[in-house]
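Take a moment to look at the model before reading on.

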2 protein chains.
Amino acid sequence: MTARKLVPTISQVAAEANVARSSVSRAFTKPYMLSDDTVRRIKEAAERLGYAPNHTARALSTGRHGNIALVVPDVANPFFPPMIRAAQAEAYASDFCVFLGNTDEDPKQEDRLLDRFAGQVEGLVLASSRMSDERIRAHARKRPLVLINRDVEGIPRVLIDSASGVKEAVRHLADLKHRKIVYVSGPAASWSNKQRRTAVREAAAKAGLQVEIVAASVPTFAVGRAVAAPIVATGATAVIAFDDLIAQGIMAGLADLKIAVPDSVSVIGCDDVLGAATYPPLTTVSNRSVEAGKAALSLLMEMLRSQAIRDVRYVLETHLVIRNSTGRAKTR
Amino acid sequence: MTARKLVPTISQVAAEANVARSSVSRAFTKPYMLSDDTVRRIKEAAERLGYAPNHTARALSTGRHGNIALVVPDVANPFFPPMIRAAQAEAYASDFCVFLGNTDEDPKQEDRLLDRFAGQVEGLVLASSRMSDERIRAHARKRPLVLINRDVEGIPRVLIDSASGVKEAVRHLADLKHRKIVYVSGPAASWSNKQRRTAVREAAAKAGLQVEIVAASVPTFAVGRAVAAPIVATGATAVIAFDDLIAQGIMAGLADLKIAVPDSVSVIGCDDVLGAATYPPLTTVSNRSVEAGKAALSLLMEMLRSQAIRDVRYVLETHLVIRNSTGRAKTR
DNA sequence: CTGTTAGCGCATTCAC
DNA sequence: GTGAATGCGCTAACAG
């Protein structure tokens, strides 16, 4: 059985409705130029044939494909899906389709992907890009580009300021009489990671807390679980993790070691992607990823409309969400 | 500051290299047809101008855009991201880009989306489609289409057989001496839901268990939480939920009502998307979504290569993962 | 209001 | 091997 694809074209609709091809085109793009009656006849004919405008052909003639690309490091990281969803909804509202790119946290893959998208998208949104500033700039020169969680001057960007929430987290730990804490860092190329690490350091210095850094290359449950032992080895009584996934892994690793949370060690996550689903419910820094996705798309759509690029730096504040994984420092 | 886009075309390269446009085209697609020298000259000229073939134009003339679309009901439902990720990886391996569509569980939106993708994709993957068989068939007539978790005869499909795991779940509850259980149903248009409901009924009848159905229209945490009370009202001692999200919500709702899990009520989820993150860790039915995504893409790629459509029905078995949300029936 | 004409950038016949 | 036409499906002037 051979796959026939009888995708109807504008010509067939024109024939079916006894009008010129251009009229069919107009019926779909500028119906106000036609009489109500012809529009109706054309729409009916189109319906009968199952016709839908071919966007590729349209793009070739107009130069506007109505597509954008959204590129993320890892679709399966729970931080991104809500953002993706929000961005999509925003795109659809302007009748744009979205390509989704997954880079597996690899800047080379990201670069390749962007070239691959070139020529079929009008604009790009890069979330948590791992590329160098230089490469980002190079891509931004070719077509409208908006960044999420990456602060490159001159390129429109939406930043979730986790620093504010992280600082609250440190103060929270200080209030609970902790004296020594650990920050478990995330991907080295991550802007968010730098921001959070700096915020921890600054707030800790101000509160007179001692800080140690433990590295977690990739933000996953497994990696978090693996760093539980090194964390305990530091002798710290509290830990702030780069994100909730790592924090959740740490809690599992701590449980493996028979160390109680929060009685022996307090754990704080970041991004609030797990809700109250962990046990104990995780104290974490709130997440604005939905707003970020929405804002990024709005910016991009505006750039496409105005054909101009403004140096926008849109910052979303965060705060600490206190649940039950933090408590008074254990007196040792 | 205005964004200029000086994208060079094949004609400019032809002029630069003193050859015909067709030769430039060949240099990029069929270099073996040209002398090594001309290929080199053309490539150099292209490099100098920063030329890259226009994907859109190429697609219009060849009918092959190297794009596929993946359509899901809800990107933010944790069941899908791993599947999306797997499908993407598989697509990239064949140098295909993927459009992601989100239907918000709405068949109309799904229909619209597919028309919107028409003309810019070579093939489609529909995951957990909520459309009617008829509409699915209509779209499948137009272009290669593969279904995930939807069983329509004649259309290639990948099915995650949760029935096997669900039946194990019922037997597990019977072994724990439960006599009356509740099945919390998911979206009415969901094939998986029908499959699971039927499996529960059959296995329960065989094991001599009484079953009540409680409806949860949309699979979300909030909905699950809301149905905790109706579940308790049935007097059942165990519940099997359509998916983990609902199960998690039910556990939260049960906690609100001061009902202990699993001491008073046992809870079983489906899809294993939460890992051991819930408290208590959720007993659930395993998930094969990654394999499903990969398999669907393989099928689609094969269809695109062979231009033929086979009536494939690829089934992935599941089984019960026993954790700590299930226990002996409470003697009342 | 509607039909006619001419490309958009490229791949693909045909000739040479 | 290479160049000159033709058309993919659609939009955009230009007429009438």
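Begin with A:Lys258, which sits in the loop between helix 12 and strand 9 of chain A. Helices (H or I, at least four residues) and strands (E, at least two) are DSSP runs, numbered from the N terminus. This is a predicted model, in which local features need pLDDT of at least 70, side-chain atom pairs count only at pLDDT 80 or more, and totals for chains, interfaces and linings use all residues. Residues are numbered from 1 along each chain as its sequence is written, while chains are lettered from A and ligands numbered from 1 in the order in which they are written.

A:Lys258 has a phi near 60 degrees, a positive value in a residue other than glycine. Most residues other than glycine have a negative phi, and most peptide bonds are trans. Is A:Lys258 buried or exposed? A:Lys258 is exposed, because 7 other C-beta atoms lie within 10 Å. The cut-offs are these: buried means 20 or more other C-beta atoms within 10 Å of a residue's own, exposed means 12 or fewer, and partly exposed lies in between, with C-beta atoms placed from the backbone.

The loop between helix 12 (244–256) and strand 9 (266–268) of chain A also holds A:Pro262. The peptide bond from A:Val261 to A:Pro262 is cis, with omega near 5 degrees. Chain B has a cis bond too: it joins B:Val261 and B:Pro262, with omega about 5 degrees. B:Pro262 lies in the loop between helix 12 and strand 9 of chain B.

Now look at A:Asn149. Its phi is positive, about 55 degrees, although A:Asn149 is not a glycine. Its place is the loop between strand 4 and strand 5 (157–161) of chain A. A:Asn149 is buried, with 25 other C-beta atoms within 10 Å.

Next comes helix 7 (residues 133–142) of chain A. Which of its residues are buried? They are A:Ile136, A:His139 and A:Ala140. These residues cover an arc of only 100 degrees around the axis, so they lie on the same side of helix 7 of chain A. The arc is that of the directions from the helix axis to the C-beta atoms. An α-helix has 3.6 residues a turn, so residues three or four places apart point the same way. On the other side of helix 7 of chain A, A:Glu134 and A:Arg141 are exposed. The buried residues of this helix pack against helix 6, strand 3 (123–127) and strand 4 (145–148) of chain A.

Move to chain B and its helix 12 (residues 244–256). Helix 12 of chain B has 13 residues and reaches 18 Å from its first C-alpha to its last, close to the 18 Å expected at 1.5 Å a residue. The expected span is 1.5 Å times one less than the number of residues. Of the 13 residues of helix 12 of chain B, 10 are buried, so this helix is largely enclosed by the rest of the structure. Its cover includes strand 6 (180–185), helix 10 (221–226) and helix 11 (228–233) of chain B. Just after helix 12 of chain B, B:Lys258 takes a positive phi of about 60 degrees.

B:Pro156 lies in the loop between strand 4 (145–148) and strand 5 (157–161) of chain B. B:Pro156 is buried, with 23 other C-beta atoms within 10 Å. B:Pro156 and B:Met303 are 147 residues apart in sequence, yet 9.5 Å apart in space, C-alpha to C-alpha.

How do the two chains meet? The contact takes 45 residues from chain A and 47 residues from chain B. Two residues are in contact if their C-beta atoms, placed from the backbone, lie within 7 Å. A rotation of 179 degrees with 1.1 Å of shift along its axis superposes chain A on chain B (RMSD 1.5 Å). That is the relation of a two-fold axis. Copies are superposed by least squares on the C-alpha atoms of residues with pLDDT of at least 70 in both.

Last, the DNA. DNA strand C is surrounded by 25 residues. Near means that a residue's C-beta atom, placed from the backbone, lies within 6 Å of the molecule or strand. Helix 2 of chain B gives the largest share of the surface near DNA strand C, 6 residues.
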